[in-house]
Amino acid sequence: METLIFLIFAVLAVASSLVVVAHKSPVYATMSLVLTLFSVAVLFVLLGAPFLGALQILVYAGAIVVLFLFVIMLLNLQKSEERRLGPQLGVAMLGALIFVGMVGLVFWRSGAPALQRLTPELVSLKGLATALFADYLLPFEIVGLLLLVAVVGATVAARKAPEPGAESGLLPREDYVSGDEPRTDPLRSLPDPRRPDVAEPAYKPAAFKEAAK
Amino acid sequence: MNPDLTATLLKYAVMFGVFINVAPIMNWVERRACAYIQDRPGPNRVGPLGLFQPLADAVKFMFKEDVTPAAADKLLYLMAPVLALLPAFTTFVIIPFGPDITVGGRTIPLVVAPVDTGVLLFLALSSLAVYSLVLAGYASNNKFSLLGGIRASAQLISYELALTLSVLAVLLPVNSFRLSDIVAYQQAHVWNFIPQILGFFVFLVASFAETNRLPFDLPEAESELIAGFHTEYSAMRFAAFFQAEYTNMAALAALGVTLFFGGWSLPGVHLTGWLGAVVGLATLVAKIIVCMAVFVWVRWTFPRFRYDQLMRLGWKVLLPLSILNLILVAAMTLAGWL
């Protein structure tokens with residue numbers, strides 16, 4: 001029974017991760033990623049680590065991939081025309097070789113008999129917490145700091161550059177959607193009173209058609 | 001057949017029976033209650049007090065034309081309602097509904113899946129519910145649906161943080177992820193909503209957002225998006241979304257009463273055996289009904305939030321409040337007050 005479940009989900013994990021890199025449609029690729037993560041979570045449960053399995057679904061499938069999907073839909077990404085597997089195949093093979101080499105190096109340096117079997121104590125909540133918060137506290141804190149740096153960096157990168165008039169006490173430009181282009185109202189062809197140098201484009205039927213798309 | 005498997009299947013059947021009937025009953029309650037709030041009769045023609053209206057609706061759902069838009073992404077379009085039902089009918093497996101009972105010499109805990117990671121499993125499964133909304137929005141190939149799907153993903157991500165943090169605070173003094181331990185803790189002490197009133201309110205507001213109920217029903221805001229992510233769906237596929245929404249509400253209500261209002265237990269009542277099981281299940285259902293009534297009451301009382309207000313509330317009010325609550329509860333636990 002256990003072997004059967006393992007086989008089903010191992011095959012599913014490998015097949016769906018191939019779909020992730022090979023499928024043309026970003027939405028299908030993302031959904032296959034969810035399937036991959038779910039299958040890996042099932043494998044965690046089979047290994048006797050239901051906590052890791054639940055976290056895998058909660059953090060990756062439930063939050064991070066939702067953000068992927070959010071960005072894909074927000075940017076309305078379409079199917080890519082070229083076969084994605086073709087030009088990336090070489091790089092992918094190189095990555096796989098490096099990964100296999102690293103795992104082999106670990107085996108070679110430590111010696112296979114030195115590897116410990118997964119025990120319930122090792123993968124249980126308590127074992128995991130002891131490892132994280134007692135044995136490896138400093139690396140754990142450093143990873144936390146790294147994540148904080150990434151968050152701050154993302155915030156800085158996403159922040160709009162301050163408007164030229166903002167410091168001089170002029171009205172804040174709240175009606176700007178993206179910061180670099182004034183919102184165009186096709187029905188109003190008057191110049192923006194707060195930025196007379198940027199004249200709004202006059203009413204054009206073409207602009208309407210663009211907007212309707 | 002394996003007795004453990006039989007017990008699990010029977011327990012699942014009991015909970016399934018409770019949770020599948022939520023949608024038709026709530027359909028009637030919601031419409032009658034909103035009619036009462038708005039001072040009009042509501043559906044009162046089919047059967048006494050209009051009680052058979054859900055049956056009429058079910059027949060209508062079955063015989064309506066099932067439309068698939070020509071430009072839709074067929075596979076994802078057909079998959080989305082199924083994906084909506086899956087988390088809805090799996091999350092309640094970790095809700096305990098009574099004390100342990102003994103049948104033929106073996107002790108059976110009255111929870112479908114007595115796993116150590118209880119609450120985490122609930123959160124993990126319920127966090128998958130968003131995919132059905134997002135995929136329905138994307139696959140319909142309709143701009144209103146797409147907007148609804150995008151809103152759903154952003155909204156669920158934002159409120160899940162506050163929800164999870166408020167749940168985490170409940171776990172701290174109990175030292176366990178098991179909901180049955182949380183119920184036992186509340187039997188020994190007081191119901192959690194008294195010491196953790198702040199966490200309870202964060203949980204309440206976040207659960208309105210998680211279930212896409214007014215005042216946070218932005219993914220399907222009728223006045224802006226027609227019906228949002230399920231605009232294109234009709235017949236039984238629409239019914240699947242409807243069923244999933246109400247089942248999710250009931251499951252979240254069940255989680256809420258288990259975390260904050262003692263679950264199946266009543267203060268001062270310690271029944272065991274079959275009587276305890278029946279009383280426990282009835283108590284849990286009664287508490288869920290009260291919660292659902294609050295859901296309905298709130299829906300027809302408050303106007304809808306604007307989208308930026310929703311995001312501001314989630315990130316700038318609820319999240320800091322839930323972190324504050326977590327720190328307070330951690331300090332109280334350390335001080336030995338809980």
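Two residues are taken to be in contact if their C-beta atoms, placed from the backbone, lie within 7 Å.

**Figure 1. Where chain B meets chain A in the predicted model.** The contact joins 21 residues of chain B to 16 residues of chain A. On the side of chain B that touches chain A, at least two residues come from each of helix 5 (118–127), helix 6 (130–139) and helix 7 (143–174) of chain B. Helix 7 of chain B provides the largest share of this side, with 8 residues. By class, the residues of the side of chain B that touches chain A comprise 15 nonpolar, 4 polar and 2 charged. For the complex, the predictor reports an ipTM of 0.79 and a pTM of 0.78.

**Figure 2. Packing of helix 2 of chain B with helix 11 of chain B.** The axes of helix 2 (residues 22–37) and helix 11 (residues 235–260) of chain B lie 8 Å apart and form an angle of about 90°. Helix 2 of chain B is therefore roughly perpendicular to helix 11 of chain B. Helix 2 of chain B contributes Val22(B), Ala23(B) and Met26(B) to the contact, while helix 11 of chain B contributes Phe242(B), Gln243(B), Tyr246(B), Thr247(B) and Ala250(B). This contact between helix 2 and helix 11 of chain B has 6 nonpolar and 2 polar residues, and no charged residues.

**Figure 3. Confidence of the prediction along chain B.** The average pLDDT of chain B is 84, and 100% of the residues score at least 70. Among the elements of chain B, helix 9 (residues 197–210) has the highest mean pLDDT, 89, whereas strand 2 (residues 106–108) has the lowest, 76.

How values were computed: Residues are numbered from 1 along each chain as its sequence is written. Chains are lettered from A and ligands numbered from 1 in the order in which they are written. This is a predicted model: local features need pLDDT of at least 70, side-chain atom pairs count only at pLDDT 80 or more; totals for chains, interfaces and linings use all residues. Helices (H or I, at least four residues) and strands (E, at least two) are DSSP runs, numbered from the N terminus. Ala, Val, Leu, Ile, Met, Phe, Trp, Tyr, Cys and Pro count as nonpolar, Asp, Glu, Lys and Arg as charged, and the others, Gly among them, as polar. Axes are lines fitted to C-alpha atoms, for helices over the stretch in contact, and angles run from 0 to 180 degrees between N-to-C directions. Angles under 35 degrees count as roughly parallel, over 145 as roughly antiparallel, 65 to 115 as roughly perpendicular and the rest as oblique. pLDDT is the predictor's confidence in each residue, from 0 to 100.
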